[in-house]
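This report describes one protein model. The sequence and structure come before the details.

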Amino acid sequence: MDPKLTEVSQQFERFKAAFIRNDFDTCERLLSQLKVSLTQFRSLPPLFEDTPDATHELTLARDIYEHAVVLSVKIEDQEAFERDFFQLKPYYTDARGRLPPSAQEYPILGLNLLRLLVQNRIAEFHTELELLSATALENLCIKHAVELEQSFMEGAYNRVLSARQTVPHETYVYFMDLLAKTVRDEIAGCSEKAYDSLSINDARRILLFPSDQELFEYIKEDHPEWEIKNGYVIFQRAKESAPCKEIPEGTFVTFMDGNKTLSCSITAPEEASTFDELLMRHTLTFADNLKELKNLSTQLYSAAEHFERSYSREDRKQLVVETAKEYVNNAIVNTVDHLGSVAYKVTNFLDEKYPEELREELRRSASVSTTHSGRSMTRDIQPYSKKSKPLFKALFTMLKQKRDGKPCR
């Protein structure tokens, strides 16, 4: 056996010994050394050279990265989890025909799905799901993540919380606790707005705690403004302590009455004295409406990077393109719907509140802003199109066909 391979194997044994005794500081130090040592082996991704000890080297590297993923969960480091998972994934895909199956493959794939769900990266969750084989989808670890996502989307929070008791692998508990905390905080926020008080039994049942003691600990740590008195959880003090937010004078309030859009204004002490002042006020209102669109940019870039990585496999190109088509279609529909809603509100706002010369000036400003945004988006997209030209060529062809009214193939 290659002396370098023997040295790395011995170092990995020391890592596993430290892992068993929960000495995570030593594990992190040894893991960094192991990752550096693995760069000596040319049989590993992305080279996959056929060396005499290729199978042994690939198996050892896969075991190291599997332990690295589990270690990141133990130390509750989500960024390390993501890095280690993407280093491990080629051993489950590109090296599948070179290695025997790993018992940790499906638990770790399911754990990654759960991580994406906790981080609310739903598009990537479904993309990863589409890349799994039919056999993988039948695995208990994968099914657990899928059922959890369905319950979460349906708002069946009781099923989300109770799923912690039936996790298929011990490493799932960390992400399940994060989900449970998010769900309970959401329920608690709704409860204190809906009720002045609840009996302890009702509060425990609504928040899905198995015992009163766990309820009391939750209130002490997360909601000290709540009061426990005479067998009741009293929310009134939380309501009284909440700051009262006054509507600033001069603010326009828009609401719906049937199919009509009605607007009213809080009386200001004096009218805006200059054209620039009116323009600034409207610009701020319009910026608030468009803030939600800015978040879409990060999501689209994240999805583009994910599709780019997935597109590198020859046998998955068609599947990735089809999945990307569906994602782009949904993104376009959502963006157009939102822009249409904003445009409708702004048009009504202008027609009812501003003179004709001011409306024209605002429309020209909006036109200039739109042109500038379009140029910025084109400039930002260029690095992605250079890195993954084949995938984006397929997507842009599909978008052109959609624009021209031709069926997408």
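## Terms and basis

A salt bridge is a side-chain nitrogen of Lys or Arg within 4 Å of a carboxyl oxygen of Asp or Glu. By that rule, lysine 89 and glutamate 128 form a salt bridge through their side chains, at 3.0 Å from N to O. Lysine 89 belongs to helix H4 and glutamate 128 to helix H6, so the pair ties together parts that are 39 residues apart in sequence. Helices (H or I, at least four residues) and strands (E, at least two) are DSSP runs, numbered from the N terminus.

The model is predicted: local features need pLDDT of at least 70, side-chain atom pairs count only at pLDDT 80 or more, and totals for chains, interfaces and linings use all residues. Residues are numbered from 1 along each chain as its sequence is written, and side-chain values use heavy atoms, with hydrogens and water left out.

## Confidence

pLDDT is the predictor's confidence in each residue, from 0 to 100. The protein averages 77, and 62% of the residues score at least 70. Among the elements, H3 has the highest mean pLDDT (96) and strand S4 (residues 252-257) the lowest (49).

Over residues 266-275 the pLDDT stays under 50, and the model has 14 contacts for them beyond four places in sequence; contact means heavy atoms within 4.5 Å. Residues 369-388 also have a pLDDT below 50, with 10 contacts beyond near neighbours in sequence.

## Salt bridges

The structure holds 15 salt bridges. In one of them, the side chains of arginine 121 and glutamate 82 meet at 3.1 Å, N to O. Arginine 121 is in the loop between H5 and H6, while glutamate 82 is in helix H4 (residues 78-92), so this pair links parts that are 39 residues apart in sequence.

Burial is judged by relative accessible area: buried means under 20%, exposed over 50%, and partly exposed in between (1.4 Å probe, protein chains only). Glutamate 82 is partly exposed at 23%. Lysine 89 counts as buried at 16%, and glutamate 128 is buried at 5%. Aspartate 177 and arginine 164 form a further salt bridge, with their closest N and O atoms 2.4 Å apart. Aspartate 177 lies in helix H10 and arginine 164 in the loop between H9 and H10, so the pair ties together parts 13 residues apart in sequence. Both are partly exposed: aspartate 177 at 33% and arginine 164 at 29%. Through shared partners, salt bridges join Glu82, Arg115, Arg121 and Glu124 into one network.

## Helix H8

Helix H8 covers residues 140-154, 15 residues in all, and reaches 21 Å from its first C-alpha to its last, close to the 21 Å expected at 1.5 Å a residue. The expected span is 1.5 Å times one less than the number of residues. Just after H8, glycine 155 takes a positive phi of about 80°.

Buried residues of H8 include Cys141, Ile142, Ala145, Val146 and Leu148. Among the elements that cover the buried residues of H8 are helix H5 (105-118), helix H7 (134-137) and helix H10 (173-194).

## Nonpolar core

A nonpolar core is a set of buried Ala, Val, Leu, Ile, Met, Phe, Trp, Tyr and Cys residues joined through side-chain atoms within 4.5 Å. The largest one has 71 residues, and those with the most contacts inside it are Phe15, Leu38, Ile64, Tyr91, Leu148 and Leu207. Helix H3 (residues 54-74) supplies the largest share of this core, 10 residues. Leaving aside neighbours within four places in sequence, leucine 207 is in contact with residues including Leu161, Ile187, Leu215 and Trp226.
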